[in-house]
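Please read the following explanation alongside the sequence and the 3D view.

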Amino acid sequence: MTVARQYVTQARRIVVKVGSSSLTTASGGLDADRVDALVDVLAKARGGGEKEIVLVSSGAIAAGLAPLGLARRPRDLARQQAAASVGQGLLVARYASSFSRYGLRVGQVLLTTDDTSRRSHYRNAYRTLDQLLTMGTVPVVNENDTVATEEIRFGDNDRLAALVAHLVRADLLVLLSDVDGLYDGDPAKPGTSRIARVDGPADLVGVSMGSAGKAGLGTGGMVTKVEAARIAAAAGIPVVLTSAGRAGDALGGRDTGTYFGRTGRRSADRLLWLAHASTPQGALTLDEGAVRAVVERRTSLLPAGIASVEGEFSAGDPVELRDTAGRAVARGLVNFDAKEIPQLLGRSTRDLARDLGPAYEREVVHRDDLVILHP
């Protein structure tokens with residue numbers, strides 16, 4: 001057995017993501033046989049509790065189409081949320097019924113980006129998922145499509161799965177697609193071959209990836225799956241990308257799909273979410289000295305280094321930190337409302353404390369709430 005596959009077989013806590021096209025019919029509605037087949041594999045992989053499984057499942061919107069008489073996934077957000085509201089209940093009920101065949105319970109966990117980039121929300125999400133696993137429950141995670149707006153959406157469940165894998169400190173992420181791995185071209189055409197292993201960006205140079213799933217029911221394609229694999233691998237979590245039909249082979253460590261080796265170490269918990277799941281609500285432009293201090297020396301951002309501010313945001317919101325050329329060099333959670341910052345520009349914290357009070361003798365963005373985008 002290769003070292004790569006040993007990582008798979010030795011993994012104790014595993015996040016498995018499955019897409020809409022693997023669970024539903026082309027016209028919408030859940031395919032009970034497909035759900036049962038997936039649950040059979042997950043229950044077997046879990047064994048008697050030797051392994052823990054977190055399931056990140058798409059399919060809520062797709063499951064709600066047929067019951068609402070919708071022929072296809074709606075484009076407008078309101079009807080998508082309505083379909084998700086109907087479909088989410090059907091999806092979890094189907095999983096609950098299927099897992100009950102093995103004496104297993106499921107717990108529904110719905111997330112938005114706001115739940116995972118703010119410190120207290122992040123801790124709550126971790127505690128809930130960790131406790132569900134400790135109690136022998138299979139968490140079924142999905143984006144909270146019924147309330148998520150464009151500003152607080154993950155955008156696709158592949159990226160959500162990578163971030164959940166980091167959140168729960170998983171040993172492995174398995175992404176189930178409608179094709180059996182990453183190919184060096186269109187897998188439907190002759191002459192292409194499966195890429196068995198990816199150890200970094202250099203292995204993907206010249207690889208062409210499509211942008212949509214075969215069934216047209218989901219929001220992601222191979223591009224989003226590879227991006228999710230990159231996020232997880234950079235956080236120290238190996239990834240296997242394969243088809244739902246080969247999930248058993250993937251979880252058993254057999255040679256299937258594409259294996260993405262770890263390219264980095266685990267970062268501070270919330271920083272991965274801040275980098276990949278948050279939507280900046282505004283921007284702060286830094287002078288050259290502040291850029292060097294923040295990016296090179298990893299210091300907090302002080303008012304004296306800020307040249308300008310734009311956007312409407314409140315304390316605690318994510319903002320971009322830009323250099324004078326307009327390039328985003330970092331992202332962080334700001335400690336002041338946008339309307340407060342103009343009076344702080346270019347001033348020392350000591351002067352601000354003297355003129356405005358002790359509440360202003362602090363960082364605009366603390367280094368613990370800051371992630372570097374471009375070193």
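A residue is called buried when its relative accessible area is under 20%, exposed when that area is over 50%, and partly exposed in between, with a 1.4 Å probe and protein chains only. The model is a predicted one, in which local features need pLDDT of at least 70 and side-chain atom pairs count only at pLDDT 80 or more, while totals for chains, interfaces and linings use all residues. Residues are numbered from 1 along each chain as its sequence is written, and side-chain values use heavy atoms, with hydrogens and water left out. Helices (H or I, at least four residues) and strands (E, at least two) are DSSP runs, numbered from the N terminus.

A nonpolar core is a set of buried Ala, Val, Leu, Ile, Met, Phe, Trp, Tyr and Cys residues joined through side-chain atoms within 4.5 Å. The largest such core has 43 residues, and those touching the most other members are Val15, Val141, Val164, Leu173, Leu175, Leu182 and Phe260. Elements that each supply at least two residues of this core include β2 (52-57), β3 (106-111), α6 (119-134), α7 (157-167) and β5 (172-177), and the largest share, seven residues, comes from α7. Val164 is in contact (heavy atoms within 4.5 Å) with Val15, Val54, Val56, Leu111, Val141 and Trp273, leaving aside its neighbours within four places in sequence. A second, separate core of 30 residues includes Leu23, Val35, Val92 and Val240.

Six of its six residues are buried, so β4 is largely enclosed by the rest of the structure. Val138, Val140 and Asn142 on one side of β4, and Pro139, Val141 and Glu143 on the other, are all buried, which leaves both faces covered. Two strands are said to pair if DSSP finds at least two bridges between them. The strands β3 and β4 pair in the parallel sense over six bridges, with Gly107 standing opposite Pro139 in β4. The strands β2 and β4 also run parallel and are joined by two bridges, and there Val56 stands opposite Val141 in β4.

Helix α8 can be followed from end to end. Its 13 residues reach 18 Å from the first C-alpha to the last, close to the 18 Å expected at 1.5 Å a residue, where the expected span is 1.5 Å times one less than the number of residues. Among the buried residues of α8 are Met222, Thr224, Lys225 and Val226. The helix is followed by Gly236, whose phi is positive, near 85°.

Glu227 is partly exposed at a relative accessible area of 33%, and Arg230 is partly exposed at 41%. Salt bridges that share partners join Arg12, Arg13, Glu52 and Asp130 into one network.

Within that group, Arg13 forms a salt bridge with Asp130, the closest N and O atoms being 3.1 Å apart. Arg13 lies in strand β1 (residues 13-18) and Asp130 in helix α6, so the pair ties together parts that are 117 residues apart in sequence. Arg13 is buried, with a relative accessible area of 11%, whereas Asp130 is partly exposed, at 22%.

Ser300 lies in the loop between α11 (288-295) and β10 (306-311), and with 16% relative accessibility Ser300 counts as buried. A polar atom of the Ser300 side chain lies 2.9 Å from the backbone nitrogen of Arg367. Arg298 is found in the loop between α11 and β10 and has a positive phi of about 60° although it is not a glycine. At 45% relative accessibility, Arg298 counts as partly exposed.

Note on methods:
Polar contact = N/O pair within 3.5 Å; in protein donor to acceptor, adjacent residues only side chain to side chain. Salt bridge = Lys/Arg side-chain N within 4 Å of Asp/Glu carboxyl O.
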